[in-house]
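Have the viewer open and follow along.

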Amino acid sequence: MKHWWKILSAMLLLYVLTIGLLAPLAPGITLTDTTDARTGRTVKMVVTGYNSSYRSAQEVRAWLELDSTHAVCATAVEALNEQQLELAFQLPNTLPGDKNIVPATLILNNELDGSSVLPDAVFVKRDSLIDSTNVASWTACAVAGLYPNERYDFPFRNILAETIRNLYFHVPMWFGMIFIFTASMIFSVRHLRGGKALDDIRARTFATVGILYGLMGIVTGGIWAQYTWGSFWSFDVKQNMSAIALLIYMAYFVLRGSFEDADKSARIGAVFNIFAFAAMIPLLFIIPRMTASLHPGNGGNPGFGGEDLDNTMRTVFYPAVIGWTLLGFWISQLLYRFEKVQQQLLDRF
Amino acid sequence: MSPFLEYSFILPRDSASLGNFNPIKVMVNPIKNNRSRLLFTLLFVLMSVAESWAQAPAPEADFMRSTGKIYVVVAVLVAIFVGILAFLVYLERKVTKLETQINDH
């Protein structure tokens, strides 16, 4: 069974497409109709949820949380329908600390949805007119006794929403590209050591498919960024560095094309390919981590996890990386076999 | 206003009024072969589509942001499909070239 890895690639991608697109998002909060409040007053708001079950749930609870020790719970909770919830909070007379405006996080919890969070939902402003009969306190009602979410679903992130699924398509393009370029570099080294023409064809075809993956990574990233970061290209450090890495690899083909002599083209191309790989590592793995970046896992925080890649997502993400990488190797192999036949025919005539 | 009035700007009914000068020929002639004509048409269509996206209505209201932005995932999948399609065309052209070379021998 020499084709096992192609079958594996197809099966994994089928699994990724099915589960990656069909598994639901965890319940979340899209927006609230009130964003500012004053101390000592009652704040009322209608919350709009996503994939939520406010009406079916028996026990819907809500908190406005300033920090880990200061929170108030809702005094009235009414589900208008599954997606809409009317809340009322009685805010205490004063704010802890000395800031005059403090952002509060809205936390919802019920036994069907588990917890959903909207950071900076309401900005609480210190009010000098104090209602003396108000006995509400920031410490009377702590966020506790939360129902967990036990379902198989992907995290709800406010800016991302359903686009969190792009993790299974955009990111594996880059992972695949790196594996393919690594293979290309290895065959370039082999070509320099043994001088075999076939090793050079391998290196060349891997580089072609690597560039294809890189371009697909750039385009899919741009589309994703358009609707999350606000523009196709925001000159983010990782965007710029990956574009430079791709341009270096494109220069590989320009360089090869500039030699008349096939042997010379192959040898100098191999040297350049090793250089391109060595340049790609700092461009993609080191420089983006040294400065602030819109990409998660950058800006001094290598690797990403938590809500950006939780354990549920890992069950789809890792198969996606393997599947897309193997597909890239499959495509490269087709191109290699074609170019090998072409070379053999040219040698014969 | 009659729609013909606008067209008459580009398409003079009596070409004699302009002598030998035909603006339509001048416009179309630089693009000689059919393939580049097709490419230019596609480019213009794509540019106008991009333009209409750029003038999209307020956020949260447009199509791409509806239903939890799920169509962004669709667009990403389409982009990957187009990439693989582009590779198929590239490989097809290489194979065709080799086939013609073999047939010529």
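Apart from neighbours within four places in sequence, A:Gln239 is in contact with A:Ala225, A:Trp229, A:Phe232, A:Trp233, A:Ser234 and A:His295, where contact means heavy atoms within 4.5 Å. This glutamine, A:Gln239, sits in helix α4 (residues 237–257) of chain A; helices here are DSSP runs of H or I with at least four residues, strands are runs of E with at least two, and both are numbered from the N terminus. A:Gln239 counts as buried because its relative accessible area is 7%. Buried means under 20% relative accessible area, exposed means over 50%, and partly exposed lies in between, with a 1.4 Å probe and protein chains only.

Before going on, a word on conventions: this is a predicted model, in which local features need pLDDT of at least 70 and side-chain atom pairs count only at pLDDT 80 or more, while totals for chains, interfaces and linings use all residues. Residues are numbered from 1 along each chain as its sequence is written, chains are lettered from A and ligands numbered from 1 in the order in which they are written, and side-chain values use heavy atoms, with hydrogens and water left out.

Another buried spot in chain A is A:Asp127, with a relative accessible area of 7%. You will find A:Asp127 in the loop between β9 (114–125) and α2 (170–194) of chain A. Setting aside neighbours within four places in sequence, the residues in contact with A:Asp127 are A:Arg38, A:Thr39 and A:Arg41. With A:Arg41 there is a side-chain to side-chain polar contact at 2.8 Å. A polar contact is a pair of N or O atoms within 3.5 Å; within protein, one must be able to donate a hydrogen and the other to accept it, and residues adjacent in sequence count only if both atoms are side-chain atoms.

Salt bridges are the next stop. The rule asks for a side-chain nitrogen of Lys or Arg within 4 Å of a carboxyl oxygen of Asp or Glu, and over all chains the count comes to 10. In chain A, A:Glu162 pairs with A:Arg165, the closest N and O atoms being 2.7 Å apart, and both of these residues are buried. In chain B, the side chains of B:Arg65 and B:Asp62 meet in a salt bridge at 3.4 Å, N to O. Both B:Arg65 and B:Asp62 are buried too. Salt bridges with shared partners also link A:Arg38, A:Arg41 and A:Asp127 into one network.

Now turn to chain B as a whole. Its count is 4 helices and 0 strands, so the order of elements from the N terminus reads α-α-α-α. Of the 105 residues in chain B, 15% are buried. The accessible surface of chain B comes to about 8,600 Å², with 67% of it belonging to carbon and sulfur atoms; such areas come from the Shrake-Rupley method with a 1.4 Å probe, and for residues only the protein chains shown count as cover.

Most residues other than glycine have a negative phi. B:Thr67, however, has a positive phi near 50°, and B:Lys69 has a positive one near 60°. B:Thr67 is found in helix α4 of chain B, and B:Lys69 has its place in helix α4 of chain B as well. Are these two residues buried or exposed? B:Thr67 is exposed because its relative accessible area is 53%, whereas B:Lys69 is buried, with 10%.

Finally, how do the chains meet? The size of an interface is often given as the accessible area lost when the parts come together. Between chain B and chain A the buried area is about 2,500 Å², 81% of it from carbon and sulfur atoms; buried area is the accessible area (1.4 Å probe) that two parts lose on being put together, summed over both. In terms of contacts, 25 residues of chain B touch 32 residues of chain A. Across this interface the rule finds 4 residue pairs in polar contact, both residues at pLDDT 80 or more. A:Glu339 counts as buried because its relative accessibility is 6%.
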